[in-house]
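Here is a short note for a first look at this model. Please keep the structure open while going through the points.

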Amino acid sequence: EAESVLGPQRENGMYFYEELGRLPYLHACVKEVLRIYQPIVYVYRAVHTDMPLRWYDNDKREWANSIIPAGWKIAASLRETTRLNGNFKNRNEVEPERFLPPRSEHELDRGFGNLSFSQGRRQCPGQDVANLELQLALLMCARNYEIHLKEAAKQFVHRPFIFPAKELEIALEKL
């Protein structure tokens with residue numbers, strides 16, 4: 001995609017904001033990596049007043065009501081949210097195309113399908129800059145190096161942040 005849109009590699013290696021906007025597949029790749037390997041695994045919130053909760057009881061096959069008492073702490077798994085059956089087909093597969101038309105899945109990132117930077121009032125104010133930096137880093141690596149992962153990461157440690165259980169060895173070969 002980069003070669004056809006941007007032309008040959010530039011000596012100065014500079015790219016412009018408008019050019020990144022013409023690389024939808026690159027943007028979709030960043031979204032897909034963030035969907036599968038989110039930097040933040042859980043979000044935590046404190047309940048300040050009793051909070052009504054309506055949920056579907058699968059065993060009884062009916063809606064139920066509960067109260068989350070004030071003072072409780074709630075943890076939500078962003079990782080699991082982005083891997084729910086109803087949100088994404090083939091949810092455990094790497095498919096950047098899911099964020100490109102005509103697939104309907106690409107519309108979920110406007111709601112809660114992709115929570116890499118959170119949502120609402122507490123979303124990351126720097127998410128647009130971070131996404132541009134990720135796209136630029138990926139573009140520059142892909143245009144300058146052949147990247148080889150010596151051994152795929154098989155296990156990840158899931159704490160508030162996600163990281164490989166052991167170091168990853170990567171070899172970069174200049175193009």
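1. A buried glutamate. Glu19 is buried, at 11% relative accessible area; buried means under 20%, exposed over 50% and partly exposed in between, with a 1.4 Å probe and protein chains only. Glu19 sits in helix α2, residues 17-20. Helices are DSSP runs of H or I with at least four residues, strands are runs of E with at least two, and both are numbered from the N terminus. Beyond its neighbours within four places in sequence, Glu19 is in contact with Leu6 and Arg10. Contact means heavy atoms within 4.5 Å.

2. What the values rest on. This is a predicted model, in which local features need pLDDT of at least 70, side-chain atom pairs count only at pLDDT 80 or more, and totals for chains, interfaces and linings use all residues. Residues are numbered from 1 along each chain as its sequence is written, and side-chain values use heavy atoms, with hydrogens and water left out.

3. The chain as a whole. The protein chain has 5 helices and 8 strands. Along the sequence they follow the pattern α-α-α-β-β-β-β-α-α-β-β-β-β. Of its 175 residues, 29% count as buried. The accessible surface of the chain is about 12500 Å², and 56% of this belongs to carbon and sulfur atoms. These areas come from the Shrake-Rupley method with a 1.4 Å probe; for residues, only the protein chains shown count as cover. Among contacts with a separation of 6 or more, 57% join residues 24 or more positions apart.

4. Two packed helices. How are α3 and α5 placed relative to each other? Helix α3 covers residues 24-36 and helix α5 covers residues 127-144. They pack at an angle of about 110 degrees, and their axes are 10 Å apart. The axes are lines fitted to C-alpha atoms, for helices over the stretch in contact, and angles run from 0 to 180 degrees between N-to-C directions. α3 and α5 are therefore roughly perpendicular to each other. That term covers 65 to 115 degrees; under 35 is roughly parallel, over 145 roughly antiparallel, and the rest oblique.

5. Residues at that contact. From α3 come Leu26, His27, Cys29, Val30 and Leu34. They meet Asn131, Leu134, Gln135, Leu138 and Leu139 in α5. The residues of this contact divide into 7 nonpolar, 3 polar and no charged. Here Ala, Val, Leu, Ile, Met, Phe, Trp, Tyr, Cys and Pro count as nonpolar, Asp, Glu, Lys and Arg as charged, and the others, Gly among them, as polar.

6. The loop between α4 and α5. Helix α4 spans 78-81, and Glu95 lies in the loop between α4 and α5. Is Glu95 buried or exposed? Glu95 counts as buried, because its relative accessibility is 15%. Leaving aside neighbours within four places in sequence, Glu95 is in contact with Glu32, Asn90 and Arg103. Arg83 has its place in the loop between α4 and α5. Arg83 is buried, at 14% relative accessibility. Not counting residues up to four places away in sequence, Arg83 touches Ile36, Arg91 and Asn92. The C-alpha atoms of Arg83 and Ile36 are separated by 7.8 Å, although the residues are 47 apart along the chain.

7. Backbone points to check. Most residues other than glycine have a negative phi, and most peptide bonds are trans. Asn90, in the loop between α4 and α5, has a positive phi of about 50 degrees. Asn90 is partly exposed, at 46% relative accessibility. Arg61 has a positive phi of about 55 degrees and is not a glycine. Arg61 lies in the loop between β2 (51-57) and β3 (62-68), and counts as exposed at 65%. Pro101 and Pro102 are joined by a cis peptide bond, with omega about 15 degrees. Pro102 is in the loop between α4 and α5.

8. Two further loop residues. Gly7 lies in the loop between α1 (2-6) and α2. Gly7 is buried, at 17% relative accessible area. Not counting residues up to four places away in sequence, Gly7 touches Ala2 and Arg143. Pro39 lies in the loop between α3 and β1 (42-46), and is partly exposed at 35% relative accessibility. Its C-alpha atom is 6.8 Å from that of Ser116, 77 residues apart along the chain.
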